[in-house]
Amino acid sequence: DPPAETQPQNPPPQPAPNAWQVIKGVLFRIFIIWVISSWFRRGPAPQDQSGPGGAPRVASRNLFPKDTLMNLHVYISEHEHFTDFNATSALFWEQHDLVYGDWTSGENSDGCYEHFAELDIPQSVQQNGSIYIHVYFTKSGFHPDPRQKALYRRLATVHMSRMINKYKRRRFQKTKNLLTGETEADPEMIKRAEDYGPVEVISHWHPNITINIVDDHTPWVKGSVPPPLDQYVKFDAVSGDYYPIIYFNDYWNLQKDYYPINESLASLPLRVSFCPLSLWRWQLYAAQSTKSPWNFLGDELYEQSDEEQDSVKVALLETNPYLLALTIIVSIVHSVFEFLAFKNDIQFWNSRQSLEGLSVRSVFFGVFQSFVVLLYILDNETNFVVQVSVFIGVLIDLWKITKVMDVRLDREHKVAGGFSPPQPSKTSPRTSSPRPKYMMIWRSGTCRGSSSRSWAAMRSTASCTWSTRAGTPGCSACSMASC
């Protein structure tokens, strides 16, 4: 049988991640986090389970027993540390006689309450400043202000604060037609880019936030609370007992619903909800919120992860559960097949004793083709899993060069920092079949045609961006034609 000609194939990149890629991305990130945590993270130092005098440490209890009557105080301030309890403008919501662990009260008989109001924001917040929410739960009959000695008790007050605006990066790309120089960018955006640079950090607002108090009375032992729950369980230094767990829940706040805060806004809408939360659901939310400490991939990928999580949330809310389960299964199978494809490609080239019938030019063009696709997906901020997949393909194509050419370290004839000029491998043919030659001519024409059309029609930030966007369709067409 005539030897089959092998041609590296790369699927055409997608301009935006679909549900398939999003789910693969989530699974891949879980795997990466697990690998990094297993490699770098060591188990915590053994905790001393003995109290003073060598006595065993007694398990703690919740300072708010079941069915405790509570009062809720919510304050809004531009200061991170709140002390102005007498300012009526800072008090946003006050709810009395809540029952700890009550799941049947409220308007909908689910234990939830909510309050809505318009916030008059100060000038500092309009000019990219921060704004904080301060939540206090006190036992009935007490007040959160420490200056009111007769009404304040330390063990009867639990407090939690959080910044409720969110800073997001806005990137400016001035695209233009490289042939005519025309641009569709807003002149105001061009001026802001000149004043603040290509990346501007802007404060954003979402009108909803939920305050959860966890209905939990587990006898936690200080120093033995598993992560990430240990970030939320606060113990009293004197009594050793722990305060009720307050959790700010904004998991279902989609990134697309945030809007920038600027000087044109005199007030901001805010709806604060209070609901009890079970222990197992709190564990799920807490596990999702631990991505920030593992932000080892950089802020840009972190923000991209938020957008991908939005796609997952929308899928969970709007997709049929059976279809969603089928999509997850198919995504896992696809990832396995993709891994097997990489493995078989490496195995094929590694086990070949003779490279007769294989085109050296095709190997080099495959490297060029994969590199163009990699630059394209990096320029378009494609899904992280797609970037990793294409990057691995580039590494494999580079490795193939060492199978068809002699690439070695030559200290006598140094080129490019110590590598000798590549020579044809002893096991490779000195000449190639004429088929790749004619295919290369057809490929060059396809790339030139695609480049000419994009030069006149596409708007790009620079020539390098145009070259990747123009070359990718041609490379993709060549890849499909070689199948």
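Where is the place of Ser109?

Reply: Ser109 is placed in the loop between E2 and strand E3 (113-120). The structure is a predicted model, in which local features need pLDDT of at least 70 and side-chain atom pairs count only at pLDDT 80 or more, while totals for chains, interfaces and linings use all residues. Numbering starts from 1 along each chain as its sequence is written, and side-chain values use heavy atoms, with hydrogens and water left out.

At Ser109 the backbone has a positive phi of about 55 degrees, although the residue is not a glycine. Asp97 shows a positive phi too, near 60 degrees, and is likewise a residue other than glycine. Asp97 belongs to strand E2; strands (E, at least two residues) and helices (H or I, at least four) are DSSP runs numbered from the N terminus. With a relative accessible area of 48%, Asp97 is partly exposed, a class between buried (under 20%) and exposed (over 50%), taken with a 1.4 Å probe and protein chains only. A further backbone feature is the cis peptide bond from Pro227 to Pro228, whose omega is near 0 degrees. Pro228 sits in the loop between strand E9 (208-214) and strand E10 (246-249).

Phe85 lies in the loop between strand E1 (69-77) and strand E2 (91-99), and Tyr136 in strand E4 (residues 132-139), so their pair ties together parts that are 51 residues apart in sequence. The ring centres of Phe85 and Tyr136 are 5.3 Å apart and the planes stand at 65 degrees, which makes the pair edge-to-face; rings of Phe, Tyr and Trp (its six-membered ring) pair with centres within 6.5 Å, and planes under 30 degrees apart are stacked, over 60 edge-to-face, the rest tilted. Both partners are buried: Phe85 has a relative accessible area of 10%, and Tyr136 has 6%.

The structure holds 14 aromatic pairs. Another of them is tilted, formed by Phe365 and Phe368 with 5.8 Å from centre to centre and 50 degrees between the planes. These two residues are 3 apart in helix H7, which separates them by about one helical turn. Phe365 is buried at 13% relative accessibility, whereas Phe368, at 46%, is partly exposed. Elsewhere, Tyr232, Tyr247, Tyr251, Trp252, Trp282 and Tyr285 form one aromatic cluster.

Helix H7 (residues 360-379) also packs against helix H8 (residues 384-404), at an angle of about 160 degrees and with the axes 9 Å apart. The axes are lines fitted to C-alpha atoms over the stretch in contact, and angles run from 0 to 180 degrees between N-to-C directions. Residues of H7 that meet H8 include Val363, Phe364, Val367, Phe371 and Leu374. On the H8 side, Val390, Phe391, Val394, Leu398 and Ile401 are among those involved; contact means heavy atoms within 4.5 Å.

For the chain as a whole, the secondary structure comes to 10 helices and 15 strands. Buried residues make up 38% of the 483 residues. Of the contacts with a separation of 6 or more, 77% are between residues 24 or more positions apart.
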